[in-house]
Amino acid sequence: MAVEDSPNGIRAAYGAGCHVVMVPDLTQPDEESQNRIERKAASIRDIPGVVREISRGKLQYGR
């Protein structure tokens, strides 16, 4: 799993086959990024719940 905040990070993590979660910082996901992330988290504090969902198989590529 990769937690990213930029389009370049999302692109790299997706290309590496990671589950990608975005925590936006300065920019919101563009269309390309939106298609590569499994979840957009409002805060880094949301990440433990996302990890649980991924480990239970509840999230898949493309949401």
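Me: In this predicted model, a salt bridge is a side-chain nitrogen of Lys or Arg within 4 Å of a carboxyl oxygen of Asp or Glu; how far apart, N to O, are arginine 39 and glutamate 53?
Reply: Side chains of opposite charge can pair when their charged atoms come close. Arginine 39 and glutamate 53 meet through their side chains in a salt bridge, and the pair links distant parts of the chain, 14 residues apart, with arginine 39 in strand β3 (residues 39–40) and glutamate 53 in helix α3 (residues 47–55). The distance from N to O is 2.6 Å.

Me: Is glutamate 53 buried, partly exposed or exposed?
Reply: Buried would require a relative accessible area under 20%, and exposed one over 50%. The relative accessible area of glutamate 53 is 24%, so the residue lies between those limits and is partly exposed.

Me: Which helices hold glutamate 32 and arginine 11?
Reply: The side chains of these two residues, glutamate 32 and arginine 11, meet in a salt bridge at 3.0 Å, N to O. The pair links distant parts of the chain, 21 residues apart, and the helices are α2 (residues 31–34) for glutamate 32 and α1 (residues 7–15) for arginine 11.

Me: Which residues are linked with Arg36 in a network of salt bridges?
Reply: Arginine 36, partly exposed at 22% relative accessibility, forms a salt bridge with glutamate 32, where the closest N and O atoms are 2.7 Å apart. Glutamate 32 also meets arginine 11 in a salt bridge. The residues linked with Arg36 in the network are therefore Arg11 and Glu32.

Notes:
Residues are numbered from 1 along each chain as its sequence is written. This is a predicted model: local features need pLDDT of at least 70, side-chain atom pairs count only at pLDDT 80 or more; totals for chains, interfaces and linings use all residues. Side-chain values use heavy atoms; hydrogens and water are left out. Helices (H or I, at least four residues) and strands (E, at least two) are DSSP runs, numbered from the N terminus. Buried means under 20% relative accessible area, exposed over 50%, partly exposed in between (1.4 Å probe, protein chains only).
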